[in-house]
Amino acid sequence: MLQIRSKAECKWDLVSLGEVMLRLDPGNERIHTTRSFRAWEGGGEYNVARGLKRCFGLDTAIVTAFADNPVGRLIQDLIYQGGVDQSCVKWVPYDGVGRAVRNGLNFTERGFGLRAALGCSDRGHTAASQLKPGDFDWDQIFGRERARWFHTGGIFAGLSETTPLVAGEAMQAAKRHGVIVSYDLNYRESLWQAIGGKERAQAVNRKLASYVDVLLGNEEDFTAALGFAVEGLDQSLSKLDPENFRRMIERLVAEYPNLAVVATTLRHARSATVNDWG
């Protein structure tokens with residue numbers, strides 16, 4: 001049973017930890033041939049905070065870092081439009097060309113028919129990926145300002161050698177102060193392929209899972225990012241039997257009794273714009 005602190009005693013309904021990138025959308029064009037992009041802000045962990053603010057009017061904050069240049073300030077302005085508080089953002093001095101630190105870019109084109117959407121991330125050496133333990137005062141955020149819920153995920157944990165340490169530090173502080181911790185496994189093969197692949201992802205996520213109250217994932221995440229196989233799951237992820245996922249979740253909870261809620265979304269893509277959800 002989740003014991004969520006009352007709103008009256010907390011400044012934040014939710015605090016998220018993660019990288020926020022500048023998302024560049026070519027509309028109906030392809031990334032490699034377009035001549036124009038629309039600019040958005042985006043990031044797996046940040047999107048939760050933005051959605052709760054814009055859709056439900058909750059008070060949310062993002063903990064992240066930006067290189068202090070015009071691109072970082074553009075992302076800042078986009079976040080202002082989303083209403084997420086930025087008082088916990090760390091600004092890192094920019095060296096003029098990005099040799100030491102930069103801001104992440106995410107190019108995303110939409111899919112058509114049988115061709116799925118295509119993303120191309122450009123996020124090496126970013127300010128968020130260089131975060132390390134001690135960069136934020138979690139006792140201030142969770143203990144004095146107070147939050148009801150803390151959210152982070154596998155995308156942030158996969159950015160570098162130090163980001164899972166930051167996530168773990170934040171989770172432990174949240175637990176000390178009675179804050180609910182949620183974690184989205186959110187496995188991205190491209191994020192892990194150069195640093196050890198699935199083996200490394202599973203090592204990181206299995207360690208962090210011991211601090212989690214609410215664990216989230218899709219049909220691939222629990223297998224790829226945590227190492228829990230789902231019976232009858234084919235390589236194309238087209239046979240999604242909820243009963244098999246229920247049995248996998250039972251094994252997961254038996255190994256991690258700290259988990260109060262485990263949820264999975266089941267999606268079968270029939271085309272780029274038509275999906276089955278469960």
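With which residue does glutamate 250 form a salt bridge? In this predicted model, the partner is arginine 246, and the closest N and O atoms lie 2.3 Å apart. Because the two residues are 4 positions apart in helix α9 (residues 242-255), about one helical turn separates them. Glutamate 250 is partly exposed at 45% relative accessibility, and arginine 246 is likewise partly exposed at 38%. The whole structure contains 25 salt bridges.

A further salt bridge connects lysine 175 with aspartate 213, with 2.6 Å between the closest N and O atoms. This pair links distant parts of the chain, 38 residues apart: lysine 175 belongs to helix α5 (residues 163-176), whereas aspartate 213 lies in the loop between α7 (197-208) and β11 (214-218). Lysine 175 is partly exposed at 37% relative accessibility, while aspartate 213 is buried at 10%.

Helices α1 (residues 44-56) and α2 (residues 70-82) have axes that come within 9 Å and cross at roughly 35°. The contact brings Tyr46, Arg50, Lys53 and Arg54 of α1 to Ile79, Gln81 and Gly82 of α2; its residues comprise 2 nonpolar, 2 polar and 3 charged. Arginine 50 also forms a salt bridge with glutamate 41 (2.9 Å, N to O).

Asparagine 69, in the loop between β5 (65-67) and α2, is buried at 10% relative accessibility. The side chain of asparagine 69 reaches the backbone nitrogen of glycine 72 at 2.9 Å and makes a polar contact with the side chain of asparagine 103 (2.9 Å).

Note on methods. Residues numbered from 1 in each chain as written. Predicted model: local features only at pLDDT ≥ 70, side-chain atom pairs only at ≥ 80, totals over all residues. Heavy atoms only, no water. Axes fitted to C-alpha atoms, helices over the stretch in contact; angles between N-to-C directions. Contact = heavy atoms within 4.5 Å. Nonpolar A, V, L, I, M, F, W, Y, C, P; charged D, E, K, R; others polar. Buried < 20%, exposed > 50% of the residue type's maximum accessible area, 1.4 Å probe, protein only. Polar contact = N/O pair within 3.5 Å; in protein donor to acceptor, adjacent residues only side chain to side chain. Salt bridge = Lys/Arg side-chain N within 4 Å of Asp/Glu carboxyl O.
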